[in-house]
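Hi there,

Here is the structure I promised to pass on. Have a look at it first, and then read on for what turned up.

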Amino acid sequence: MFTTREGVIGSRRRWRMSALLTAVLLTCTAWQPATGDSSESSAPRPPRPERIAVERLPLPPTSPSRDEGACTKAVNPLGTGCMGSDWNAVQGGGFTTDGRHVMALVQFTGAPAAPDPASVYQGRQLILIRVDGSTFPNGDPWKCVTCGSGTRDGQYPGAGWEHPEAFADGKRVMMGATVISCGRHHIVSQACTPDDIRAHPIRWNVRADGTGETGSMRELRLHPDGRHIGFSSVAMTGNRFDQYSYLARLEFNPAPKTGSPRVPRYDLHAVTRLFDTAGNAQPVQAEERSGSPGRLVIRPGVPSVGELRGFSADGREVTYIGYPSESSNIDVYAADLRTGKVRRLTAHPEYTDPVTLSPDNRWTAALDTRGSDRQMFLAGMRGVPPLTDLLTTSAVSSVRNNGQRRFFQPYLIDRYGDRGNYFGQQINEGDTGPGGIGDPNWNAGADPVWSPDGTAIAYWQRLVSAPSCGDSNPVPCPTSTEPGERRTRMMVAKLTERDPVRSPKVSVAPHRVPWGTPYEPEDRAPLRPYPPAGEYVLRGEQAGTAHVRISWNEEGTNVRTVKVSYENYSDGARRILNGTEQVTRESPSPTVSVLTWHSDLVQTTPSGRVLATKRSSPDGMVLTVDLFKTMFEATGTLTTTVGDRTYTQPANGT
């Protein structure tokens, strides 16, 4: 059953029936199962839905305003600070090593002026939250770790705080490109005081002479061995915007002689770009042959690492957003750091991004837009080869959000991923009313995190907020039911039917990744080698062909147009594809794409029964996307019909 602090929602029997019915309905009406996936033939039967108890985690009181002194003793009698109420007031983090606490970054506000002792509760700070219902000695269920320590978010250039992760020693926490240390004390210990807290920036040297500030890093994740990290970095090569991911070894440098800042810091060594420039290591490859047309080959088994998402608990695999296996279907993959063997973690046509693997590596906790139908007009037709994705992936990814409205909900998926009639289990299925644990207006933020023993998953949520609702936007702004009407909250899902698992033996990350490329300072990010301009044939796995024409821009830096004509194309999943699809991209700036999308596709069974169609309006759908704003804006239409369900694009601004 679902449990909240207010009581029980639904019986076990009713919940199981609801979960099973939802699974069947969503699977049958929303998308056709990818029964041709090679991994499915050896996968076991999907697990049954399990009972999950979802609870709100306590947070500091909400300040009535941002004014100095607004957080009075009437609001917080203990004088331990108040938090803001807006959309960015909380960012959830990982569990501590003892499993009793979840970390979070909280925006404190309304503190009184110094010398009032409560003046330290101001700005973005790291807190610990008790997840077992107990309190700290002062009576609070949470404790601020960095308040009064003299450290602050953004203290060092390029080292902003985000996504707290605990080192296995329990004494350090990585928060973005900063490591917080409590010296010889565990972070959760009462002996750890603000005077003990130190902040050490992480520096990636990108200059041959070792000078200057750190290279630009984002989405930093701690490897389980505590000696390595992974991160992503945005690269501009010519006018092409791209993102690569890296693995590096952390080394503490107590007295740096070069580079900035010259404070005790962590330097990165043995940096490897998780990318192989070899032609046969690309997901879409043009094979050399004489004459025209050429031949295209799709290689779904190569590690095509885009944005890094983390590591498996045993340290053997890196998780990442990869090149799609199916057109417009953005999924997450895991690749073995030593062998490069790839497994697909998700396969639903909706968008997946933040994921965390369980301590026993048997489960994935994923934040996904499935159930919202947000991406179905693009990806609802299954088994279409990822050809137009040579130029659409970034734009398709950006449809998932609408500014301060996210569509992520947390899902639990077994190791073998989506298959057949199984698409995982929504963790927070339940009360969908205002403020309920399943309220669709409360959307999850990255990342979901597992407890060390695998019996709980913590996640945090934001309530859709202006300008993505209200005023001229057709989506009304909901009123928050949280304390002080704050628009953020922290949740913990307890997997009540599970026994604790033992921590896995951690494999130390390799010094060099065989399928990666060693990075040297001042190395330029490479251009991803897409097929050259020309005409090609892609043969179906079972039958038929796709005739492909690829055109590049005048500068020769980007694919501009992909046109595909399918003739009885079959991937072996008892579905046949016919029709045409063409996408042309204009790039007014490196981060803005204007896609003109023409589709006229029909997918049938061998007997001729129509499974799905994908059709655009006569002038095509013209989609404009700014990668940094993620606001949906389009003219024309693109409509996908699967069975008796029709999926249309969102209205502009929603």
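**What I found**

Buried residues account for 58% of the 654 residues in the chain. Please keep in mind that this is a predicted model.

Starting with the overall picture, the chain has three helices and 39 strands. Its radius of gyration is 25 Å, close to the 26 Å that the globule rule gives for 654 residues, so the chain is as compact as a globular protein of that length. Along the principal axes, the C-alpha atoms fill a box of roughly 80 × 65 × 50 Å. If you take the contacts between residues at least 6 apart in sequence, 59% of them join residues at least 24 apart.

Now to the inside. The largest nonpolar core has 45 residues, and V548 and Y566 are those with the most contacts inside it. Strand β32 (residues 559-570) gives the most to this core, contributing five residues. Which residues does Y566 touch, leaving aside its neighbours within four places in sequence? The partners are V384, P385, L387, T545, A546, L577, N578, G579 and L601.

Helix α3 (residues 389-398) is worth a look too. This helix is mostly covered, with eight of its 10 residues buried. The buried ones are D389, L390, L391, T392, A395, V396, S397 and S398.

Is A365 buried or exposed? Its relative accessibility is 0%, and because the cut-off for buried is under 20%, A365 counts as buried. Leaving aside neighbours within four places in sequence, A365 is in contact with P354, V355, T356, Y411, P448, W450 and I457. By way of a distance to check in your viewer, A365 and A235 are 130 residues apart along the chain, and their C-alpha atoms are separated by 29 Å.

That is everything from my side. Happy exploring!

Best wishes

Key:
Residues numbered from 1 in each chain as written. Predicted model: local features only at pLDDT ≥ 70, side-chain atom pairs only at ≥ 80, totals over all residues. Heavy atoms only, no water. Helix = DSSP H or I, 4+ residues; strand = E, 2+ residues; numbered from the N terminus. Rg over C-alpha atoms; globule rule 2.2 N^0.38 Å. Buried < 20%, exposed > 50% of the residue type's maximum accessible area, 1.4 Å probe, protein only. Contact = heavy atoms within 4.5 Å. Core = buried A, V, L, I, M, F, W, Y, C linked by side-chain atoms within 4.5 Å.
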